[in-house]
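Dear colleague,

Please find below the sequence and the structure that I am handing over to you. My notes on what was found follow directly after them.

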Amino acid sequence: MKQAAIIFLLLTAVISRCPAQECRAVNVDLVTAIIYGRIEFGAEYAFCEKWSAGAEVAVNIKRIADGPGNEEREHWTELYGTGYADEMPEGRNMAEYGILLHYWPRNAFEGPMLEAGAIVRDRDGPDMIAGIGYRCRIWKGMKATFAYKVGIIGCIKGRIGPLEGLRIGISYAF
């Protein structure tokens, strides 16, 4: 018990000295909304100068509205083959929930980042996420995010297409 109290006090002292402690960010992904009809929101908190933790939620709007059309199925068949057209990304999952940890070599919410975390999809189940990206300033607190993240288990089982991990979005840091 005494060790746990000392560790807690040391961690509190280290985190309280970090200049990015009050930094927060919210983001929305544009590529998944345009390509897959899935709206993805996220929120992050920089608990140290180069580290941030975040959560994300994605809801599949396209699946709610209607399924894929014949022309769309033909395009997916050309890109990924016949087996993948029956299980298109927008048709598999209705919702995704994830928690992520980001490492920023420069400062939190600036420049390159490495990402690791876990995600739970309503139909595919849990998965581990790994990603890499870059965030650049647009204007004041607005930033553009370019990233590629992929589910490790989904890749191994062949359930994820190569473009499904692409993320381009807008974030606001405050």
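Leu166 lies in strand β8. Please bear in mind throughout that this is a predicted model. With a relative accessible area of 32%, Leu166 is partly exposed. Leu166 also belongs to a nonpolar surface patch of about 600 Å², which it forms together with Leu114, Ile132, Tyr134, Phe146, Tyr148 and Ile168. Strands β6 (125-139), β7 (142-151) and β8 (166-173) are the elements that each give two or more residues to this patch.

**The chain as a whole**

The protein chain contains 7 helices and 8 strands. It has 174 residues, of which 37% count as buried. Its accessible surface comes to about 10200 Å², and carbon and sulfur atoms account for 67% of that area. When contacts between residues at least 6 apart in sequence are considered, 53% of them join residues at least 24 apart.

Strands β5 and β6 run antiparallel and are joined by 11 bridges. Within this pairing, Ala118 stands opposite Met128 in β6. The two strands form a hairpin, with 3 residues leading from β5 to β6.

Most residues other than glycine have a negative phi.

What is the phi of Lys140, a residue other than glycine? The value is positive, near 50 degrees. Lys140 sits in the loop between β6 and β7. Its relative accessibility is 59%, so Lys140 counts as exposed, the cut-off being over 50%.

Phe109 is not a glycine either, and its phi is positive at about 65 degrees. This residue is found in the loop between β4 and β5 (111-121). Is Phe109 buried or exposed? At 1% relative accessibility, Phe109 counts as buried.

**Glu96 and its surroundings**

Glu96 is part of strand β4, which covers residues 95-103. Because its relative accessibility is 5% and the limit for a buried residue is under 20%, Glu96 counts as buried. Which side chain does that of Glu96 meet in a polar contact of 3.2 Å? The partner is the side chain of Arg121. Neighbours within four places in sequence aside, Glu96 is in contact with Arg38, Glu56, Val57, Ala58, Ile119, Val120 and Arg121.

Met94 is placed in the loop between α6 (89-92) and β4. At 26% relative accessibility, Met94 counts as partly exposed. How far apart in space are Met94 and Val59, C-alpha to C-alpha? The distance is 5.9 Å, although 35 residues separate Met94 and Val59 in sequence.

With kind regards

Methods
Residues numbered from 1 in each chain as written. Predicted model: local features only at pLDDT ≥ 70, side-chain atom pairs only at ≥ 80, totals over all residues. Heavy atoms only, no water. Helix = DSSP H or I, 4+ residues; strand = E, 2+ residues; numbered from the N terminus. Buried < 20%, exposed > 50% of the residue type's maximum accessible area, 1.4 Å probe, protein only. Contact = heavy atoms within 4.5 Å. Areas by Shrake-Rupley, 256 points an atom, 1.4 Å probe, with all protein chains shown as cover. Patch = residues over 30% accessible without salt bridge, like charges linked within 9 Å, V, L, I, M, F, W, Y side chains within 5 Å. Salt bridge = Lys/Arg side-chain N within 4 Å of Asp/Glu carboxyl O. Polar contact = N/O pair within 3.5 Å; in protein donor to acceptor, adjacent residues only side chain to side chain. Pairing = 2+ DSSP bridges.
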